[in-house]
Amino acid sequence: MTPAAPRAERTEVLVVGGGPVGVFLGALLAHAGVDVIVWERRTAEPAGSRAIGIHPPSLDAFAAIDAAAPVLAEAALVHRGVARSRGRTLGTLSFDRASDTHPYVATLDQHRTERILRERLAAAAPEALRTGVTLTALERSQDHVDAAGTGPDGEPVAVRASFVVGADGARSTVRDLLGIGTTGREYPDRYVMGDFADPEPGSARSAALVDVGPDGVVESFPLPDGRRRYVALVGRGPAADDEVDAVSLAQTIRDRTGAPVDADSCSMLSGFRVRRRAAVRVGVGRVVLIGDAAHEISPIGGQGMNLGWLDAADLAPLLTEGVRTGSAGPWPAYARRRQAAARRAARQAEANMALGGRAVGPTQLGREVLLRTLLRLPSADALARLYAMRWA
């Protein structure tokens, strides 16, 4: 005999995906008095630190759930960026006027930020986060959405929600179940990133450093506890087996920048390729996509996770109003805003990638002259605001 389907639990908003973007949206909704459930397929506690940058608009948004203060209590604060090439400083970019509230970019390991956001969600809705739950089906109706999934032990689970939000990443199950396609492209560039004991001297320890020498970019950012994140362009096309290696990365950093990085101090190492993807629609009716489920951009520049948080901050009031009035999406103005923000972030990331590519002769000289000029002009403050995502 086929077992009976489970009785659907009812909620006002179901968020599929309990990463940093989904949990932040859940916390925003819970603090606004909305009944919310967050399904997350992982059962383990957050770990890893692929994304580290937290830009001023995100910190402003975190304040709504009292998350900005605990994030800043742990984070390293980057007040300036320094451009270098071939052992010379090309210029400095100050973030002092990039934001009235947060004149810096904060850096914190992603798992620490995610745990803080989980704590804020738990403070407002202790039972909202359900780990070990995988979405398997969606059925849309005029006034609700039925979601089915499997629980931690493989048991069937079901929720009937007024709205469903897909915050389940670049390989979004919600997007696939809606039949929403994506557009975009893959880039040939390959990067390796790693966290090491910070070898930079003096005041450089509080700065983001970008070396645009002829062999390819090396970016680095201070992290808490005396660490530094390095990101290096290592090639194009298929990856070589030895590229994701702490010794090789440390040697690359030393060769290009002169920084005496200690390979034995490496605490995180990862290789990645870059792609740009956008969902052709932000959602259908009462189902909405946010974060990487809606748009995936290059991590160069550190905008991707922030873009998802700002999606959540923009969407939360619409969902709250929809729950209270019984109105339904889609919200065309919201879709236009978030798609435009994603396009702008993607173009900015592509410009960063182009600036950091390999170059020789006149091309390298022209790049250095361009950076020197841009960082000396009065427009440097506008560049700082652009990097800090004040436009978002």
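The largest cavity in this structure has a volume of about 50 Å³. Here a cavity is a set of points, on a 1 Å grid over the protein atoms alone, where a 1.4 Å probe fits but cannot get out. Grid points are joined across faces, edges and corners, and the volume is the space filled by probe spheres set on the points. The model you are looking at is predicted, so local features need pLDDT of at least 70 and side-chain atom pairs count only at pLDDT 80 or more, while totals for chains, interfaces and linings use all residues. Residues are numbered from 1 along each chain as its sequence is written, and side-chain values use heavy atoms, with hydrogens and water left out.

Let's step inside. Lining residues, those with an atom within 4 Å of a point, are Arg 84, Glu 200, Leu 209, Val 210, Asp 211, Val 218, Ser 220, Tyr 230 and Thr 257 for the largest cavity. Strand 13 (207–211) and strand 14 (218–223) are the elements that give two or more residues to this lining, and strand 13 gives the most, with three. Helices (H or I, at least four residues) and strands (E, at least two) are DSSP runs, numbered from the N terminus. By class, the lining of the largest cavity has four nonpolar, two polar and three charged residues. In this count Ala, Val, Leu, Ile, Met, Phe, Trp, Tyr, Cys and Pro are nonpolar, Asp, Glu, Lys and Arg are charged, and the others, Gly among them, are polar.

Around the second largest cavity you will find Tyr 187, Val 274, Arg 276, Ile 297, Ser 298, Ala 346, Ala 349, Glu 350 and Met 353. Helix 8 (332–355) gives the most to this lining, with four residues, and strand 16 (268–279) also supplies at least two. Six of the lining residues are nonpolar, one is polar and two are charged.

Now turn to helix 7 (residues 304–325). Its 22 residues reach 32 Å from the first C-alpha to the last, close to the 32 Å expected at 1.5 Å a residue, where the expected span is 1.5 Å times one less than the number of residues. A kink of about 30 degrees lies at Leu 315, shortly before the proline Pro 317; the bend is the angle between axes fitted to the seven residues ending there and the seven starting there. Just after helix 7, Gly 326 takes a positive phi of about 80 degrees.

Methods: On a 1 Å grid over the protein atoms alone, a cavity is a set of points where a 1.4 Å probe fits but cannot get out, and a pocket is an open set with protein on both sides within 12 Å along at least five of seven lines; lining residues have an atom within 4 Å of a point.
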